[in-house]
Every structure is written in structure tokens, then in C-alpha cells.
Amino acid sequence: MRSLFRRFAAVTAVVTATALVASLIASPANAAVSVNAQQADIVKLTNVQRAAHGCPALKVDSRLTAAARGHSAYMAQTGNFSHTGRGGSSFAAREKAAGYPSPSAENIAYGYVGKDLVIAWMKSPGHRTNILNCKSKTVGVGVVYKGATAYVTQDFGY
């Protein structure tokens, strides 16, 4: 009987953890458009801006995407909207921890995605500088939801 109870407790813990991650990634607000599609859209819109300003297109790097999604998940989980992440980490430390050797910059946002987000970043001097840094070659975008609120991280690399 005790063994059965332990198995039930272990299964309950796994199901609870899975539900928590799913609730951070998916929500009714983004049901029509997948998170992956939203991330790809942000990359596409970023590259449109870069092309309009004479910069080459960024290539998506899975390591940067992993770093970006991890930071977005941290912000969604904690409500801490900051470039400083878990354990006091910087974007450069997170990118290197994900296996990317040459970090460039990071943009973050919350509350919206897509065209409105990229327009807002282009109106912000620091974010605009990151997007239009022609020396950056790669990008990863992470969109994570908490309820209906999107937390977005865009990581760049040389």
C-alpha cells in the first residue's frame, strides 16, 4: 500500500510540474498562433528592419533560442522583468551557458508580441541599436506566457 501511495505521489508531482510548464508556455491568448510561430515572426520582422537599414539578415541559432526562452520563462515565473536573470546572471552568461561562444546583446519585453513589439523596440534607442547592429549575425527569440501576458527575450550573437 505504501509503495502504491509513493507511486501516486510521484505521478502527481510529474503531472503538476508538466502543467506548470505548459501554463507558462501556452495560454488562451496565444492559442490561435503557436509560440514558435510568434518567435519566427519576431525574427522575420527584425530582419525586415535590418534590411531596411542596410544590415544582413540574422540567422536563428538554437542555442540563443534556448537562452532566450529560459530567460523569458524565468521572468514569467518570477515576475522579475529585468536583464538580470536567475542567480544574478547576465545575458552574456546565459548565452555562453547555452553553448553560444560570442554574445552580442539582448532585448526584452512583456505584454505584446509581433509587429507591435518590433515597432516599440525600434522606437527605443537601446533596443534599436541592438536590432541594427550589423555586426550581429545570429538571433534567438523566446516567447513564454504567464496567463495572457507574453514575456519575450531576443538574444543576439556575433
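Predicted model: local features only at pLDDT ≥ 70, side-chain atom pairs only at ≥ 80, totals over all residues.
Four strands make up an open sheet of mixed pairing, in the order β1-β3-β4-β2. The edges are taken by β1 (59-60) and β2 (103-110); each has a single partner strand, so one side of each lacks a neighbour in the sheet. Strands β3 (residues 138-146) and β4 (residues 149-157) run antiparallel and are joined by nine bridges. Within this pairing, V141 has Q154 of β4 as its bridge partner.

Two helices lie across strands of the sheet. Helix α2 (residues 35-52) lies across β1, β3 and β4, and runs at about 140 degrees to β3. Helix α5 (residues 114-123) lies across β2 and β4, at about 120 degrees to β2.

The model contains one disulfide. This bond is formed by C55 and C134, with the sulfur atoms 1.9 Å apart. The two cysteines belong to distant parts of the chain, 79 residues apart: C55 is in the loop between α2 and β1, and C134 is in the loop between α6 (125-131) and β3. The torsion about the S-S bond is about -70 degrees, and the disulfide is therefore left-handed. C55 has a relative accessible area of 7% and is buried, whereas C134, at 31% relative accessibility, is partly exposed.

Two aromatic pairs are present in the structure. In one of them, F81 and Y110 have ring centres 4.8 Å apart and ring planes at 65 degrees; because planes over 60 degrees apart count as edge-to-face, the pair is assigned to that class. This pair also links distant parts of the chain, with F81 in the loop between α3 (62-78) and α4 (91-97) and Y110 in strand β2, 29 residues apart. Both residues are classed as partly exposed, F81 at 37% relative accessibility and Y110 at 44%. Y110 also pairs with Y151: the ring centres are 5.9 Å apart and the planes lie at 20 degrees, so this pair is stacked. Y110 is in strand β2 and Y151 in strand β4, so the pair ties together parts that are 41 residues apart in sequence. Y151 has a relative accessibility of 11%, and is therefore buried under the 20% cut-off. F81, Y110 and Y151 together form one aromatic cluster.

Notes
Residues numbered from 1 in each chain as written. Heavy atoms only, no water. Pairing = 2+ DSSP bridges. Contact = heavy atoms within 4.5 Å. Axes fitted to C-alpha atoms, helices over the stretch in contact; angles between N-to-C directions. Disulfide = S-S within 2.5 Å. Buried < 20%, exposed > 50% of the residue type's maximum accessible area, 1.4 Å probe, protein only. Phe/Tyr/Trp six-rings, centres within 6.5 Å; stacked < 30°, edge-to-face > 60°.
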